[in-house]
2 protein chains.
Amino acid sequence: MQDGKTAERIVDCADDLFYRQGFEATSFADIAGAVGISRGNFYYHFKAKDDLLEAVIARRMANTSVMLRDWEITGEDPAERIRSFIQILIRNRDKIEQYGCPVGSLSTELAKLNHTAQEEAARIFTLFRVWLRRQFEKLGRASDADALAMHLLVRSQGVATLSAAYRDPAFVEREVVSMCAWLADEVAGGAAVPSPTKPH
Amino acid sequence: MQDGKTAERIVDCADDLFYRQGFEATSFADIAGAVGISRGNFYYHFKAKDDLLEAVIARRMANTSVMLRDWEITGEDPAERIRSFIQILIRNRDKIEQYGCPVGSLSTELAKLNHTAQEEAARIFTLFRVWLRRQFEKLGRASDADALAMHLLVRSQGVATLSAAYRDPAFVEREVVSMCAWLADEVAGGAAVPSPTKPH
DNA sequence: AAAGTTATAGGACAATTGTCCCAGAAATGT
DNA sequence: ACATTTCTGGGACAATTGTCCTATAACTTT
C-alpha cells in the first residue's frame with residue numbers, strides 16, 4: 001500500500017489544475033497528462049472524480065491548517081498574525097490575478113454544480129474564520145470577533161475576485177494597505193464597535 | 001430577419017443557465033431543452049458557443065445599464081442611489097446564496113479558462129464602478145471617488161462569495177447594514193480620508 | 001526461485017460534447 | 001399562386017467525457 005507516491009502526485013496535480021482550470025473543466029486526461037500516468041491507471045487510486053475532489057479538499061484543509069499554525073508561531077502578536085493573513089493577497093498576487101482565490105472559486109463552482117462537496121469546501125473558509133476570530137479575541141474584541149473575522153474574509157474574497165477581473169497589480173497593493181490601516185484603527189479603537197456587525 | 005423571438009429566448013435561457021450552472025458546465029443540450037428547440041437549429045442563430053457567450057454578456061451589459069439609469073432616476077440623492085446598489089445583495093439574496101454573483105463568478109470562470117471574453121465580462125464591473133464613482137463625486141469625494149467605488153465592489157463581491165459558501169441569510173443582512181453604516185460615515189465625514197478606504 | 005500482492009498501461013464502453021449539414025416547414029414578397 | 005428567403009428539426013460527425021476491465025509489469029514476501 002505504498003501507492004502514496006503516485007496517489008500523492010495525483011492529488012498534487014489535481015489540486016493545481018482544479019485551481020487553474022476549475023473542477024469541471026479539468027478532465028482525467030489533463031491530470032493524467034500532468035502526472036505522467038495513463039488514464040486507466042487512475043481508477044486504481046481514485047474510483048471516481050468526486051473521490052479525487054474530496055482528497056484535494058482534504059489536502060487543502062491540511063495545508064491551510066499548517067499555514068495557520070505557522071502564522072501562530074511566527075507572529076509576535078495577534079495584529080501581526082492577522083497581517084500575515086491579509087498579505088496572502090500579496091504573496092499569491094500573481095496566481096490570484098490569474099485564477100482568483102482557490103477557496104472562493106472552488107466553493108462557488110461547487111455551489112453552482114450543486115455538488116455535495118460544497119460544504120466540505122466551505123470548511124476551508126471556516127478554518128480561516130475561526131483562526132481570525134481567535135486573533136481578534138486576543139485583541140480584546142471578544143464581543144465582535146466573528147464579525148471582524150468575516151469582514152476580513154469578505155474583503156479578501158472581494159479583492160481576489162476583482163483582481164482576477166481587472167488584473168491590476170497596483171489594486172491589490174492598495175487594498176492590502178487599506179486593510180492593514182483598518183486593522184490598526186480597530187486595534188487602536190479598543191472597544192467593540194456599535195455598528196451592527198456583531199453576530200453570535 | 002425577425003428571428004429576434006427565438007434568438008432572444010436562447011440568450012435569455014443561456015443567461016440564466018450560465019449563471020446557475022456556469023458557462024462550461026452548460027451544454028447546448030441544456031439550453032436547447034430549456035428553450036424548447038432542437039440542438040441542430042441552434043447554429044442558425046449562433047454559429048459557436050463563444051458567440052452565444054458574447055451575446056449573453058452584451059445582454060447583461062444592457063440590463064445593467066438600464067438598471068443603473070433607473071437608480072439614477074429613482075434615487076433622490078447620491079447616497080440613496082448608492083444604497084440601491086448595496087441592496088442588490090438583499091433583492092437577489094436567494095439567487096446569490098445559491099449561485100454567487102453573476103458578474104464575479106462568470107469573470108472568474110472565464111479567467112480560469114483563459115477565455116477571450118473575460119475582459120468583456122469584466123466590463124460589467126466597470127459599469128458599476130463608473131456609476132458608483134460618479135455618485136461619490138457628487139458627494140464631494142472627487143479625490144477618492146474611485147477608491148470608494150472599488151471598496152463597495154470589493155465588499156459586495158466578498159459578501160456574494162461567502163454567502164454562497166455558508167448559505168446564511170442573516171449574514172447578508174448584517175453585511176448590508178454594515179455597508180450602509182459605512183456609507184453614512186463616509187458621507188458625514190465629508191473630506192477625503194487619509195487612507196482611501198476606511199470602513200468601520 | 002516461487003508465490004502472492006500491488007501498481008500500471010492500454011483499450012473498450014456508452015454517453016455527451018460542440019459542430020455541421022440538409023431536407024423541409026413557415027413566412028415573406030411578388 | 002408562385003418563388004425566395006427565413007427558420008427549424010433530425011440526424012451525422014469526430015472528439016472527449018467519466019468509468020470500467022484485463023493482461024502484465026513491478027514489487028514483496030516467502
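Student: What makes us say that 48 residues of chain A are in contact with 45 residues of chain B?

Tutor: Contact means heavy atoms within 4.5 Å. By that rule, 48 residues of chain A touch 45 of chain B. This is a predicted model: local features need pLDDT of at least 70, side-chain atom pairs count only at pLDDT 80 or more, and totals for chains, interfaces and linings use all residues. Residues are numbered from 1 along each chain as its sequence is written, and side-chain values use heavy atoms, leaving out hydrogens and water.

Student: How do you know that the copies meet through the same surface?

Tutor: Of the interface residues of chain A, 88% are also interface residues in chain B, so the surface is the same.

Student: How many salt bridges cross the interface of chain A and chain B?

Tutor: A salt bridge needs a side-chain nitrogen of Lys or Arg within 4 Å of a carboxyl oxygen of Asp or Glu. Across this interface the rule finds 0.

Student: What makes helix 5 of chain B mostly covered?

Tutor: Helices are DSSP runs (H or I, at least four residues), numbered from the N terminus. Buried means under 20% relative accessible area (1.4 Å probe, protein chains only). In helix 5 (residues 78-86) of chain B, 7 of 9 residues are buried. Among them are B:Ile82 and B:Phe85.

Notes. Chains are lettered from A and ligands numbered from 1 in the order in which they are written. Buried means under 20% relative accessible area, exposed over 50%, partly exposed in between (1.4 Å probe, protein chains only). Helices (H or I, at least four residues) and strands (E, at least two) are DSSP runs, numbered from the N terminus.
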